[in-house]
Amino acid sequence: MISPQNFEEKTGFDVIRRMLGGYCQGEGGKSRVANIRFSNNSELVNNELTITEEFRTMLLTVFGYPASEYFELDEELNHILIPGTFLAAESLLPLRTSYSAYIQCKTFISDTSANTFPHLHSLIAGKYIEPGILSGINRVLDIEGNIRDNASPALLEIRKSLSRMIHLIDKKIAQALTQAKLDKYVPADTEIAIRDGRAVIPVNSSNKRKISGVIIDESATGQTSYIEPTEVFELRNSIRELELAERREIIKILIELADELRPYVQLLKDSLDFLGHLDFLRAKALLAIETGSLKPVLHNQQSFSWIQARHPLLMLSLKKQKREIVPSNVSLDSTNRILIISGPNAGGKSVLLKTVGLLQYMLQCGLLIPVLDTSDAGIFDHLFIDIGDQQSIENDLSTYSSHLLNIKNLLGYADHSTLFLIDEFGAGTEPQSGGAIAEAVLETLNDKKAYGVVTTHYANLKLLASNHSGFLNGAMLYDTKHMKPLFVLKTGRPGSSFAFEIATNIAFPKEVLEKAGEKVGHAKLDFDKQMQDLEAEKLELSLKEKQLQQADEMLTGLINKYSSLKEDLDTKKKEILEKAGNEAKSILNKSNQIIEKTIREIKQSQADASRTKQLRTEIKEFTEQIAEIPVAEPIIEKEEIVPPEKATGKPVSKGSRVRMIGQHESGEVVDIHGNDVTVAFSTVTLKVKSENLEVLQANAPVKKSFNRGYAYQNMVNDMNARTANFRITIDVRGKRADETETLIQRYIDEAIMLHVSEVSILHGKGNGVLRSIIRNYLGGIPEVKQFSDASLETGGSGITLVTLK
């Protein structure tokens, strides 16, 4: 039982119902929204919640649900049950559209995982697709919904004849106009006109008898007559006969199609009904996505424990103002069945009361609710709410009388499966009497084991929890430092109304407040203030502790990330150094071999000019090969490259420090035989002609350019730079498809390399092309753990959230 009759208006469910209707695409879904009813059948409620949760998950995780338009066609389908009847082309087109939508939706769900969406797969079990339905309709209708020329051989021939006849008429009237111009009956610039869908010749009324034909129309002034030539008029009769034949043939075709469809009328009706059900489920899922609603753990008992419960309508309203709603944790069980909430005005008491009523009603109507999915929920047989001004002029009832009448009705049916919600209990009459009646009512409801939430300012109701089991006090916290409500429910102790603080904040006369304080007693005011301050400080400390914990977790994650990065770099450094050492040894060995071979062959050929030139060419080629080997850019410990020393000009002698002309490497002269000088360089000893040597300063230190930069240092700096510059969101709106795919490939590769766990891709909604390209690419990357739409408040389907392994 739901009481009063306007329960939905009082809780705001009427707005929820309108929102659901707005999400529907057809009358089938909208009619189901209109027929939503409160249910106390826990099995039915659980099934509705489960399948809605599956649909919500499917929309978020599986791309491309075919939400298409469909139509209610029961009346038309019932019409063709009678043999000899048919569906007009205007009805065939929506039938084809609807059945195509049915096939697409069923196929889409069939292609999803039965393990992930078992209830949705049960829903489509036994649903049959008859391919002959669409093929039959498509044989008759073209893509625009017109009867095809080749729907039958007879129709094709009739339409060809019509086309020839129309072409002949055009030709005849053109000839008649040309002749009229030659006869000077019409001006030379006269053109064919159209009257009543017929081609005619505009003629000055003075010449209308000179042209053989039928006057179809004349101008408003009567000066111009519109004549259809006689031969054209006769041809019109032939066209009329062809049009009648065409109509008869079309009816024949449609009757034959109706005969084909008649055995499937019930299948078609079931298919359209199924579309309405899917439309309804989709609307509930979209509402859940927009409001952040989930399926709580449902129990077939009268209790609930909601974590981070939010009023969906208030949340959406605040989101438009770019403000955040404050969630509430609220629970009732067999030990604490009745929650008595106190606190300041405008502190959130009534909103919390409405939240409980709306969420419980939504839940038992099969809708997901905005709480964490770890919340517990129960089922009640009766819901009652008493909130707002219920004064009735027609029934001659005051506000308080209306409240009492409602409470009387509640006491008549309340039991252990009743959830009642009463706002400002006891208000509207003399406080002592009103408080006493309210206290007696609550005690009676407690004896009946009923569950409820009430708000009040009365002290005697706040004391019930201390004197009776079954009651629990709750306070809406208030920040006395900044003089503003916190909208946070704290259970376990009553709250203060903070009348004096609020009055002070609005600059109420100080002398009046002092008198009031003397009457109430300053000790009580100070005590209330201190208790509230303690609660506010406790809440602030709890938030700080949570922030510190989050910061600690983030820091630990960063440390682990960089430790892993350092290990990878160390490993790569070792590999690069080993590879570089091996390559250096190989190059050195090969260089020595080439030099030794060159010296040997020069000796053997006794410095033959052609052979020497050939050897120089081979050495040059080898040098070019070495130059092609990529060299790491110097990064660390780079010593200054010393410019070539100037030669002294002295003659070569034993012990001189020399170098070959045009080279930088210096060596020492170890022997001289005539013009042949033996020079010991750092890695080899060579015989060189004296004219090819120049003497350097003897006591100068041997200097050479030296670079100890390693490839791994390049990598370290590159990784650091990439990490510092990497952004966890990339915007590809306005990009071309091919450009987008290239950007996303690079972006995801870099994110994987930097061990980023989650990134966002902003592609916008538009027609979904970029979204499809991006998700097709992501689906083929093994390192991508999952991807989904962002929440509605952060961009919805315009943003793809990507989680990496």
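A residue is called buried here when its relative accessible area is under 20%, exposed when that area is over 50%, and partly exposed in between. In this predicted model, Phe55 has a relative accessibility of 0%, and it therefore counts as buried. Tyr65, with a relative accessible area of 14%, is buried by the same cut-off.

These two residues belong together, since Phe55 and Tyr65 are one of the 10 aromatic pairs counted in the model. Their ring centres are 5.3 Å apart and their planes meet at 75°, so the pair is edge-to-face, given that an angle over 60 degrees is what places a pair in that class. Phe55 lies in helix α4, which covers residues 42–61, while Tyr65 lies in the loop between α4 and α5 (74–79), so that the contact ties together parts that are 10 residues apart in sequence. A stacked arrangement is found in the pair formed by Phe304 and Trp306, where the distance from centre to centre is 4.3 Å and the angle between the planes is 20°. Both Phe304 and Trp306 are buried.

Aromatic side chains also come together in a group, for Phe7, Phe13, Phe38 and Tyr361 form one aromatic cluster. A ring can take part in another kind of contact as well, as the example of Tyr226 shows: the charged end of Arg195 sits over the ring of Tyr226, at 4.1 Å from the ring centre.

Pro4 itself is placed in the loop that runs between strand β1 (2–3) and helix α1 (7–11).

Two further loop residues deserve a look for their phi angles. Lys322 is not a glycine, yet it has a positive phi of about 60°, and its place is in the loop between helix α12 (312–320) and strand β8 (328–332). Because its relative accessibility is 79%, Lys322 counts as exposed. Glu424, likewise a residue other than glycine, has a positive phi near 50°, and it is found in the loop between strand β12 (418–422) and helix α15 (431–447). Its relative accessibility is 25%, and so Glu424 counts as partly exposed, a value that falls between the 20% and 50% limits.

Conventions. Residues are numbered from 1 along each chain as its sequence is written. This is a predicted model: local features need pLDDT of at least 70, side-chain atom pairs count only at pLDDT 80 or more; totals for chains, interfaces and linings use all residues. Side-chain values use heavy atoms; hydrogens and water are left out. Helices (H or I, at least four residues) and strands (E, at least two) are DSSP runs, numbered from the N terminus. Buried means under 20% relative accessible area, exposed over 50%, partly exposed in between (1.4 Å probe, protein chains only). Rings of Phe, Tyr and Trp (its six-membered ring) pair if their centres lie within 6.5 Å; planes under 30 degrees apart count as stacked, over 60 as edge-to-face and the rest as tilted. A charge sits over a ring if NZ of Lys or CZ of Arg is within 6 Å of the ring centre and within 35 degrees of the ring normal.
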